[in-house]
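Please look over the sequence and the structure shown below. The briefing that follows is arranged by topic and is meant to be read alongside them.

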2 protein chains.
Amino acid sequence: MPTATPEGVSKAASQPSGEAGVSAKSKAFSLGLLDDRIGFHLRLAQNASFKAFKKKTGEADLKPGWFAVLSLIHDNPGITPLVLSRASGRDKSTITPVLRDLLRNHLIERRTVPADKRSYTLSLTGAGNARLAELAAHAEAHDRVLDQIVGEGRPELLRLLRLVTASLD
Amino acid sequence: MPTATPEGVSKAASQPSGEAGVSAKSKAFSLGLLDDRIGFHLRLAQNASFKAFKKKTGEADLKPGWFAVLSLIHDNPGITPLVLSRASGRDKSTITPVLRDLLRNHLIERRTVPADKRSYTLSLTGAGNARLAELAAHAEAHDRVLDQIVGEGRPELLRLLRLVTASLD
DNA sequence: GCAAGATAGTTTTGTTTCAAACTATCTTGC
DNA sequence: GCAAGATAGTTTGAAACAAAACTATCTTGC
């Protein structure tokens with residue numbers, strides 16, 4: 001029998017708790033047990049952050065998924081798709097369609113590697129650099145908003161997030 | 001002209017930096033500009049956390065997506081689908097198939113509301129409580145792993161994540 | 001009370017993602 | 001060298017999700 005038996009836990013639903021008191025949104029519910037879970041709040045925060053970023057880039061007709069890839073190619077010219085997938089934290093199979101998109105728009109270039117015919121290296125074109133600058137401006141504006149929200153806590157937040165990522169394989 | 005011009009930024013790719021020094025994984029790349037972005041690390045951490053949780057529940061043939069919904073219904077008996085979607089941070093349209101699944105498995109019950117024929121209230125069945133207990137055990141084990149990773153930083157991390165979620169609408 | 005708009009839930013469509021299967025190439029053991 | 005296994009990239013299948021369109025009901029203004 002597991003340690004956690006929801007039946008045995010007091011309802012905790014009497015008053016909507018766990019409110020940070022910042023947003024003006026009144027909530028007609030209690031997060032209950034969930035309110036104490038790092039995993040759950042990680043998802044909520046990531047979700048909120050991504051949605052805000054997507055809204056900003058969407059207005060400028062830019063794909064948010066392009067940003068990380070373009071940025072990583074910029075900072076690692078000659079990177080290969082597999083390394084790129086690991087750097088961006090996504091499965092390698094999801095990189096293929098992104099690269100196809102970027103190639104079709106002439107934002108990146110492929111170069112074959114004589115030493116390994118299975119792979120190829122990537123670099124940004126002039127247009128790719130320009131597009132990255134555009135996206136980077138949005139990303140920076142977005143991160144400034146986040147900075148303002150977390151304030152002094154920024155270094156600690158970054159430290160903890162990096163720690164979680166690095167520790168979970 | 002945007003403030004951020006990638007061309008004007010020093011490569012920063014000389015040495016793979018931004019390593020938390022915990023994982024044994026050697027990385028052959030630099031995160032570059034991305035390494036300083038809260039949004040990016042939020043995504044990496046959430047992704048790593050969810051993947052670990054999914055692996056645990058997957059072994060026991062449990063759907064990770066069910067957990068938040070069952071938990072919220074448990075702590076808010078009589079909650080409606082729309083409120084449930086807001087509480088779990090997902091679009092209302094994504095709740096429908098989850099509830100259909102849970103209903104088919106007799107884990108939850110619907111009850112019509114005389115005051116509003118469009119809506120209905122939700123509550124857990126006995127089997128639902130049992131299944132929740134099972135999932136909660138996995139979630140707790142997962143959060144204990146996260147606790148061990150973040151250590152003393154746990155309250156601050158939770159505070160900052162809640163702050164981000166609450167502030168971004 | 002009735003038309004106009006708002007709201008709850010569902011359906012549909014499109015995007016994003018992971019994971020497994022597959023092909024082609026590379027590496028290793030012997 | 002050559003077979004056996006590893007690895008890089010792609011394709012395919014399935015799951016999860018958001019957003020818009022839709023239906024049914026409710027609320028509001030007058």
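The two copies meet through the same surface, because 99% of the interface residues of chain B are also interface residues in chain A. This is a predicted model, in which 72 residues of chain B are in contact with 71 residues of chain A.

**The side of chain B that touches chain A**

- The elements of chain B that give two or more residues to this side are helix 1 (38–59), helix 2 (64–75), helix 3 (81–87), helix 5 (126–150) and helix 6 (154–167).
- Helix 1 of chain B gives the most to this side, with 15 residues.
- Sorted by class, the residues of chain B on this side are 42 nonpolar, 19 polar and 11 charged.

**Chain A: confidence and fold**

- The average pLDDT of chain A is 84, and 84% of the residues score at least 70.
- Residues 1–25 of chain A have a pLDDT below 50, and this stretch has 43 contacts in the model beyond near neighbours in sequence.
- Chain A has six helices and two strands, and from the N terminus on its elements follow the order α-α-α-α-β-β-α-α.
- Of the 169 residues in chain A, 36% are buried.
- Among contacts in chain A between residues at least 6 apart in sequence, 43% join residues at least 24 apart.

- Not counting residues up to four places away in sequence, V69(A) touches L84(A), S88(A), V98(A) and L102(A).
- L84(B) lies in helix 3 of chain B; this residue is buried, because 21 other C-beta atoms lie within 10 Å and the cut-off for a buried residue is 20 or more.
- With residues up to four places away in sequence left out, L84(B) touches V69(B), L72(B), I79(B), I95(B) and L122(B).
- L84(B) and L157(B) are 73 residues apart in sequence, and their C-alpha atoms are 25 Å apart in space.

**The surface near DNA strand D**

- There are 21 residues around DNA strand D, of which L82(A), S93(A), S119(A), D91(B) and S93(B) come nearest.
- Helix 1 (38–59), helix 3 (81–87), helix 4 (95–104) and strand 2 (116–124) of chain A, together with strand 2 (116–124) of chain B, each supply at least two residues of this surface.
- By class, this surface has four nonpolar, eight polar and nine charged residues.

**The surface near DNA strand C**

- There are 21 residues around DNA strand C, of which D91(A), S93(A), L82(B), S93(B) and S119(B) come nearest.
- At least two residues of this surface are supplied by each of strand 2 of chain A and helix 1, helix 3, helix 4 (95–104) and strand 2 of chain B.
- The residues of the surface near DNA strand C are four nonpolar, eight polar and nine charged.

Terms used. Residues are numbered from 1 along each chain as its sequence is written. Chains are lettered from A and ligands numbered from 1 in the order in which they are written. This is a predicted model: local features need pLDDT of at least 70, side-chain atom pairs count only at pLDDT 80 or more; totals for chains, interfaces and linings use all residues. Two residues are in contact if their C-beta atoms, placed from the backbone, lie within 7 Å. A residue is near a molecule or strand if its C-beta atom, placed from the backbone, lies within 6 Å of it. Helices (H or I, at least four residues) and strands (E, at least two) are DSSP runs, numbered from the N terminus. Ala, Val, Leu, Ile, Met, Phe, Trp, Tyr, Cys and Pro count as nonpolar, Asp, Glu, Lys and Arg as charged, and the others, Gly among them, as polar. pLDDT is the predictor's confidence in each residue, from 0 to 100. A residue is buried if 20 or more other C-beta atoms lie within 10 Å of its own, exposed if 12 or fewer, and partly exposed in between; C-beta atoms are placed from the backbone.
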